[in-house]
Amino acid sequence: MALLLALGFSSCKQKDADVQAAVETKMKANADASDVMVTVNDGVATLSGVVKDDATKTAIVSAAKDVKGVKNVVDNTSIAEAMTVAPPVIAADDPLMNNVMDATKDYPGVNATVTDGVVMVNGTISAANWKKLKMRLDGLNPKRVDGTQLTIK
Amino acid sequence: MTNLETKYKPLTDAATSAGVQDLLVREQDGVLYINGVAPSGAVKDSLWNVYGQIDPNFLSGDVVMDVNTSVDASVTQVKVVTESSNLNIRKGPGTDQQIVGKAAHGEVITLVSQSNEQWWLVRTKDGEEGYAYAQYLSAEL
C-alpha cells in the first residue's frame, strides 16, 4: 500500500514536472511574459513574476489553462510599472531664435535660422569654434542642430 | 536598441561610467537627445570628444547633447572664461539688452543668481550688477 502510494505520489510529481515544463515553454513563447515563473502542484499552475500589462496577464492565464494537465491557474503575476520617460523638451521658435542669436553673435561669419525647432547653421567657422557653438546650441533645447550647410575651416 | 542608440553607445556608455547624473537618453524623430549633469568640466569635454569621434565635426545632426556641469547653489564666485575679450554685463537676460558693465577675461566675479539657464545674474568688484552669458562663466576658479 505504501509502495502504491509512493508510486502514485511520484508519478503525480512527475506529471506536475512535465506540465510545468509545458507551461514554461508557453510563457517563453510570449516575449512580454518571458520572465514569468511557473510552479505546478497537483495540476494547479501558479504563475509569478512581472508581466508587461493586463493583456499579457489575460493571455498567459489562458495559455496556461490550455496546457493539458492544468486543472487550475493561480495568477500571482504583477504588471511592470510603466517606464514613462518624458519626451525631450523642444523650445518654441521665438525664444529659441533669441537664444540662438545670443549664442551665434560671437561668431561672425555664421548665420542661423530656426524653423520648427530645427536650428540651421550656415557660413564659415573653424572646427574648434563650431564645437563650442554646437555645445551652446544643444543647450537651448532645439529639435535638431543642422550644420550641413557650414564650411568648416 | 535602435541604430542610433547603437551608433552612439560609446558616448552614452562613457557618460554612464563618468558618473553623469540624471542621465537621460531619448530618441525622437531620428534624433538622440542626451541630457544630464556632468560632475566636472573635464567630463563634459571628454564626452564631446567621444561624440566628435563618432560624428566628426558634429555634422550628422542626429544628436542633441545637453550635458552641463552642475553649479552648486552655494557657489557665489565664478570666473570669466571668455576667449580673451571682456564679458558684457547687461541690464536684462539677452544680447538686445543694454550693457551696464564689463568683466575682464579671467576675472572672478560674484554670482548672484542662476535663475535663468542661459543668463546668470552677476556682480562685479565695482558693484555693477547685471546679466552675463552663463557659457562664459565657470565655477571652476
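# Two chains in contact

Colleague: How many residues does the contact take from chain A and from chain B?

Modeller: This is a predicted model. Two residues are in contact if their C-beta atoms lie within 7 Å. On that basis, the contact takes 24 residues from chain A and 19 residues from chain B.

Colleague: Which element gives the most to the side of chain A that touches chain B?

Modeller: H3, H4 and strand E6 (144–152) of chain A each give two or more residues to that side. The one that gives the most, with seven residues, is H4(A).

Colleague: How do the residues on the side of chain A that touches chain B divide by class?

Modeller: Leu counts as nonpolar, Arg as charged and Gly as polar. Sorted in this way, the residues on that side are ten nonpolar, five polar and nine charged.

Colleague: Are H3(A) and H4(A) roughly parallel or roughly antiparallel to each other?

Modeller: Two packed helices are described by the angle and the distance between their axes. Helix H3 (residues 93–104) of chain A and helix H4 (residues 127–138) of chain A have axes that come within 10 Å and cross at roughly 160°. Angles over 145 degrees count as roughly antiparallel. H3(A) and H4(A) are therefore roughly antiparallel.

Colleague: Is the crossing of H3(A) and H4(A) left-handed or right-handed?

Modeller: The axes of these two helices of chain A cross at roughly 160°. The crossing of H3(A) and H4(A) is right-handed.

Colleague: Which residues in H4(A) do Val100(A), Ala103(A) and Thr104(A) meet?

Modeller: Val100(A), Ala103(A) and Thr104(A) lie in H3(A). By class, the contact of H3(A) with H4(A) has four nonpolar, one polar and one charged residues.

Colleague: Which residues does Val67(B) touch, not counting residues up to four places away in sequence?

Modeller: Val67(B) is among the residues with the most contacts inside the largest nonpolar core. Leaving out residues up to four places away, Val67(B) touches Ala15(B), Val20(B), Ile34(B), Asn35(B), Gly36(B), Ala38(B), Lys44(B) and Leu47(B).

Colleague: What pattern does chain A follow along the sequence?

Modeller: Chain A has four helices and six strands. Of its 153 residues, 30% count as buried. Read along the sequence, the pattern of chain A is α-β-β-α-β-α-β-β-α-β.

Colleague: In what order do the elements of chain B run from the N terminus on?

Modeller: Chain B has three helices and ten strands. Of its 141 residues, 29% count as buried. From the N terminus on, the order in chain B is α-α-β-β-α-β-β-β-β-β-β-β-β.

Colleague: Is Asp66(A) buried or exposed?

Modeller: Asp66(A) lies in the loop between helix H2 (54–65) and strand E3 (72–79) of chain A. Asp66(A) has 12, so Asp66(A) is exposed.

Colleague: Is Asn141(A) buried or exposed?

Modeller: Asn141(A) sits in the loop between H4 and E6 of chain A. Its phi is positive, about 60°, although Asn141(A) is not a glycine. Asn141(A) has 20 other C-beta atoms within 10 Å, so Asn141(A) is buried.

Colleague: Where does Phe58(B) lie?

Modeller: Phe58(B) has a positive phi of about 55° although it is not a glycine. Phe58(B) counts as buried, with 25 C-beta neighbours inside 10 Å. Its place is the loop between helix H3 (41–54) and strand E3 (63–69) of chain B.

Colleague: How many Å apart in space are Ala139(B) and Val71(B), C-alpha to C-alpha?

Modeller: Ala139(B) is in the segment after strand E10 (137–138) of chain B. Beyond its neighbours within four places in sequence, Ala139(B) is in contact with Val71(B), Val75(B) and Val78(B). Ala139(B) and Val71(B) are 68 residues apart in sequence, and their C-alpha distance in space is 6.4 Å.

How values were computed:
Residues numbered from 1 in each chain as written. Chains lettered and ligands numbered in written order. Predicted model: local features only at pLDDT ≥ 70, side-chain atom pairs only at ≥ 80, totals over all residues. Axes fitted to C-alpha atoms, helices over the stretch in contact; angles between N-to-C directions. Parallel < 35°, antiparallel > 145°, perpendicular 65-115°, else oblique. Left-handed = near helix turned anticlockwise from the far one by under 90°. Core = buried A, V, L, I, M, F, W, Y, C linked by C-beta atoms within 7 Å.
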